[in-house]
Amino acid sequence: MTGTAQQRAIIIGAGIGGLTAALALAGKGWDVQVMERTPELKPVGYALAMAPNAQRALDAIPGGIVAKIHALAALQGDGGIRNARGAWLSRNDSAVALERYGHPFVVVRRAELVGMLHSLLPQGYLRLGTAATAVNADDGGVTLDTGEVLRGDLVVAADGIHSRTRPALFPGHPAPAFAGLTAWQAVIAADGVGTYIGTTWSSGGEFGMLPMTDGWLYVFAEAAVDAPMLRGGHGDEKAELTRRFGHLYAPIPDVIARIDGSSILRTDIHTMRVPLPSFHVGKVAILGDAAHAMAPNLGQGACQAIEDAVTLAYCVTSAGTVGGGLADYTAARLPRTSLMVRRSEALARLATARHPLARALRNGLLRAMGLLGPSAALRQADFVMRWDHPAVSGTPAS
Ligand SMILES: Cc1cc2nc3c(=O)[nH]c(=O)nc-3n(C[C@H](O)[C@H](O)[C@H](O)COP(=O)(O)OP(=O)(O)OC[C@H]3O[C@@H](n4cnc5c(N)ncnc54)[C@H](O)[C@@H]3O)c2cc1C
């Protein structure tokens, strides 16, 4: 940057996508300002599975972030998908996966991940309790709820699934649509439960368990439903989990019994079925859930936000002009994330199939694939995990 003015980025939103973008841009010499509307960083949700592709992306940012994540995370061992009686439909071999993808699958507490990313940001880069209310894509102006207007060479809209920037940039484009799916999340102290890594596909939907650090277990579930929750209302979610999954094999009934009902998070799933025409307009780039909200079934929403962030920083720094870099960013990210949105929802339909015949066919296919060994199952995941953007490999972006 010697001899040239330092470039400035204004980032809207301090979720995983916004914080990663801030670190990636700061690592490339940008002056960064992150605006977060909430008065403190309190991510929604308990835990996050972080796949090897996201860790490879983070390797491109200086500061040893992946080692720091590993220090906070629970390494996942062998797991897979079981049927309602607990028999394996598909198994993962963690050693084979590690060899294939170069990084392990890990589960990390959301709050710890966000806290760690925040701690790596230079002092003064984050303004809490400050909402962006308008964006000018032509001149990079961001109006704040304080009335101030900040100006950046680049604006990053990382304002999540209910983004206000998205409809301003793409007026009339359909917002993320209800996918006919609902998800639950909880954590329990897992002493005596044993190690159950993976998910169970049953008539009630999908029920999953992943070990966390310090003997805790992350519990998640998903089901196909006809309508989203009534406005403002969670019902008795523990009773609903018991009704759907309480008849499954041990230890699932015990796991559900241990959940503190008041701590269960229920989220109706909305997905960006109609992809945006572009991931940039003028000086504004859009990333993460704001750009491509997806079903949680591939465990890729945050991982893709991380890929976006690292790719964006690489493109706008290496293309010569910010405008050229933004075109490269869209070209690199739009096709891949659109595929993730489609495949996540397709996987959700399989995992939560309501028709018994569909479930029987699905289970038969999975078992047949399982006979081909762990590498065959893993190959299905290659399109997700074997990501190597130029931001990582160092070759030109387009
Ligand atoms: C049940 C469930 C399980 C999941 N599990 C996984 C998983 O295992 N692995 C995985 O990779 N992904 C998972 N995901 C997806 C993941 O949670 C999201 O994709 C990810 O958190 C999106 O990050 P983001 O930074 O784009 O958005 P967000 O995390 O939503 O952050 C947006 C931020 O912007 C702020 N903001 C909004 N508007 C403004 C404004 N006007 N001004 C200033 N700030 C603003 C918000 O307050 C928020 O802090 C899961 C999702 C669900 C629902």
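**Stop 1: Ala47.** Select Ala47 and show its neighbours. Leaving aside residues up to four places away in sequence, Ala47 touches Val107, Val108, Arg109, Arg110, Gln185, Met212 and Tyr218 (contact means heavy atoms within 4.5 Å). Ala47 lies in strand E3, residues 47–50. Helices (H or I, at least four residues) and strands (E, at least two) are DSSP runs, numbered from the N terminus. Ala47 counts as buried because its relative accessibility is 2%. Buried means under 20% relative accessible area, exposed over 50%, and partly exposed in between (1.4 Å probe, protein chains only).

Some ground rules before moving on. This is a predicted model: local features need pLDDT of at least 70, side-chain atom pairs count only at pLDDT 80 or more, and totals for chains, interfaces and linings use all residues. Residues are numbered from 1 along each chain as its sequence is written, and side-chain values use heavy atoms, with hydrogens and water left out.

**Stop 2: Thr200.** Select Thr200, in strand E14. Is Thr200 buried or exposed? At 1% relative accessibility, Thr200 is buried.

**Stop 3: helix H12.** Select residues 356–370, which form helix H12. Its buried residues are Arg359, Arg362, Asn363 and Leu366. Seen down the helix axis, they fall within an arc of 100 degrees, so they line one face of H12 (the arc is that of the directions from the axis to the C-beta atoms). What covers them includes strand E6 (88–92), strand E14 (198–202) and helix H11 (322–351). Turn to the face away from the buried side: Leu357, Leu361 and Leu365 are exposed there.

**Stop 4: a sheet.** Three strands make an open sheet, ordered E9-E10-E11, with antiparallel pairing. Strands pair if DSSP finds at least two bridges between them. The edge strands are E9 (132–136) and E11 (149–151), each pairing on one side only. Finish on Thr143: its bridge partner in E11 is Val149.

Key:
Expected span 1.5 Å × (residues − 1).
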